Amino acid sequence: MKLAYWPGCVSRGFTTELHGSMAFTAEKLGIELVELDRANCCGAGIIAEHNQELADTLNARTFALAQQTGLAMMNICSTCQGAQSECQQRLDADSAYRAHINEALAGGGLEYVKGKDGFTNKNFLWLLVEDYGLERLAEKIVRPLSGLRVGPFYGCYVVRPKERLGYDEHPERDLYLEQVIEVLGGEVVEYDGARKCCGFPVIMMNRETSLRQAGTHVGDALDAGADCLVTPCPLCHLNLDMQQPEAAKIVNRDLGLAVLHLPQLVGLALGAEPKQLGMSKHIASTKWVEERLASPATA
Amino acid sequence: MAEYTLKVRRYQPESGAGAYWEEFKVELDPSLSVLDGLLQAKDRDDGSLSVRCSCRAAICGSCGMKINGQSGLGCKTQIGEAQHQADRRPSPDSATPIVIEPMGNMPVIKDLITDMESTHWTKIRRVTPWLLPHGEPPEREYAVEPESMIDITQSMACIQCGACVSSCLSMEADPDFIGPAALAKAYRFVGDPRDAETKERLHDLAHDPHGIYDCTHCFSCVDACPKGVAPMDQIMRLRRKAVEEEVDDDPNNGYNHVTAFVRMIEKKGTNDEALLVQESYALGWKGKLKPSMRAIKGLLESLPTVLRAIKTGKARSPAKVIPGIHPKLPGGAQGEVRAIYKHAEQHREEFNIYIEGEEDVEPEPDETETEETTA
């Protein structure tokens, strides 16, 4: 399997362990990634707040770069997925609008073509379940995550709005994390926050609202007995992991729950050592996860 | 006909007891609504089961409730579909019930009846939901071109059911958040060509710490709304207008954050996190503006997080801690991005699918550009 790969900004910024663990995990799975190193930021919904046409054109450029490779496109960030799907919906809705946007791409020799053969843009989570397949994933597992209790945390932009995100065709997209955790041999922890918002988008604007969301979800997962959370979104990771000590102050309780990126969780089951997956870079210690995996009997 | 189990969150204040769950068995056609199911339970099993309803046709907006955790209207949700949703995560024991709760983010008066006044209507009144024209009133009505009102038809479709308020994840964390229904209503007047206090309205909503910059973009209200209002989209329009109208001094860093982000991508193509943090607190700090006390406080607050990230190695490279040295896109790609900025800033087209609709003819994958432009 060969894919055009858009890693996004944050996986090369404050969550480099995500970029690294994706490279490791893709190799173990036998997925070849062709990185779109000339592509630009998705705008994270913020550029659209300033100028919607600008956001649409920037993402049309990324799609056009992916289409040039003739490969399907993969992202590793729920926020990229959401922002890009939103722009793609508008681009696909109207041929005159699409032609107008393509005018701006013509100078770079690029064009976004609606419905081009083989072109899709999917988050690693969707790709793993829908295209790679959970059975094939199961065959690759060398260290089942037995005894590890994992709370799923999706990130808003891969669960809502359902109408835009392909839920008609793939109605179980908001259950995939649970399915992956189970295939990897882990135990799914049910808690209130799995499909709620991490609060990251307002961390600069209303720090308290933002961190109260993150702290509440981490606390709920701890109360439900989770050993760790797993997320396909690096922005969620920033609020749930990097800001976790600050969130603990806002919700006024001890936290301390490891938050894994999805490729890290998969990588562990594929035999990687935590250090290879950059888990030592996390703010919330991942030691407990390592101990659990070393001696599942203590569960 | 099929049999369903409704698991209803009940609260009877006169009993003195707390809220509790009760299951009702109902029998009806899958195409009928969850509200029909509740009314059958009320009719046959327990007349005290309380629910607000009137039109039963998604017009009056009375029967807002949570069905399997999803906020919406009881009359607009088919019971067969609700069962299908419930079955996606089956309970280990017997048949999976359809779970019905009162709306969230507001006090419960009785069973499924919530207090709309204390939350919803108070917030609606907060945004001055009436027209504020200037000058002498015209002799007859205020006449405007029909086209100039199209932009606000989406926000005018609101039926005040409160489903979006019930679903709002920001309000869960900050009960003072003005919220999706009231802000969508605010856009209805901000976008109205007859209103003369657009800038004052935007200034008010941008400066309020619980205003337009308190929305986290979670899309909950978009999925909850039974009328396609997409309240979050209206909040984003308010933010767009606030930046356009140069409401640039809000204490929430809203204007700074958007402006810094947009400028940064034009210069670098991807996110320079160190620069974004600095500029969001104090836009154009480098030699242009003096940082305010608020900006210094914000930067100091983020310092422990940055120090921790340096310690673990998360942010150990110079580009991650020194603003502005993040690399541009390679090999002329940055020039392509700048060209896109030039084109898009000149046109600023705002395509709204709610208004324009989607073309029903699917173009062939190999359709040529000439055909596209003439379509």
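1. Over how many bridges do strand S5 and strand S7 of chain A pair, and in which sense, parallel or antiparallel? In this predicted model, S5 (residues 149-152) and S7 (residues 228-231) of chain A pair in the parallel sense over three bridges. Within that pairing, Gly151(A) has Leu229(A) of S7(A) as its bridge partner.

2. The two strands belong to an open sheet of four strands in chain A, whose order is S6-S5-S7-S8 and whose pairing is parallel. Strand S6 (187-188) and strand S8 (258-261) of chain A stand at the edges, and each has a single partner strand, so one side of each is left without a neighbour in the sheet. As background, strands of a sheet pair through backbone hydrogen bonds, in either the parallel or the antiparallel sense.

3. Turning to the contact between the chains, 78 residues of chain B are in contact with 88 residues of chain A. The area buried between chain B and chain A is about 7300 Å², and carbon and sulfur atoms give 56% of that area. Arg88(B), Lys314(B) and Phe351(B) together supply 10% of the area that chain B buries against chain A, which is more than any other three residues supply.

4. A search of the whole structure finds 39 salt bridges over all chains, and the count between chain B and chain A is eight. One of the salt bridges links the side chains of Lys314(B) and Glu17(A), at 2.9 Å from N to O. Lys314(B) lies in the loop between H14 and helix H15 (318-321) of chain B, whereas Glu17(A) lies in helix H1 (residues 16-29) of chain A, so the pair joins two chains. In another salt bridge, the side chains of Glu336(B) and Arg38(A) meet at 2.7 Å, again taken from N to O.

5. By class, the lining of the largest cavity divides into 31 nonpolar, ten polar and four charged residues.

6. The second largest cavity holds about 100 Å³ of space. It is lined by 14 residues, and the closest to its centre are Cys158(B), Gln160(B), Cys161(B), Cys164(B) and Cys225(B). Helix H6 (163-167) and helix H8 (180-190) of chain B are the elements that give two or more residues to this lining. The lining of the second largest cavity divides into eleven nonpolar, three polar and no charged residues.

7. H4 and strand S4 (121-123) of chain A each supply at least two residues of the lining, and H4(A) gives the most, with six residues. The lining of the second largest pocket has seven nonpolar, nine polar and twelve charged residues.

Technical notes
Residues numbered from 1 in each chain as written. Chains lettered and ligands numbered in written order. Predicted model: local features only at pLDDT ≥ 70, side-chain atom pairs only at ≥ 80, totals over all residues. Heavy atoms only, no water. Nonpolar A, V, L, I, M, F, W, Y, C, P; charged D, E, K, R; others polar. 1 Å grid on protein atoms, 1.4 Å probe; cavity = no way out; pocket = protein on both sides within 12 Å on 5 of 7 lines; lining within 4 Å. Points joined across faces, edges and corners; volume = space filled by probe spheres on them. Pairing = 2+ DSSP bridges. Contact = heavy atoms within 4.5 Å. Buried area = accessible area lost by both parts, 1.4 Å probe. Salt bridge = Lys/Arg side-chain N within 4 Å of Asp/Glu carboxyl O.
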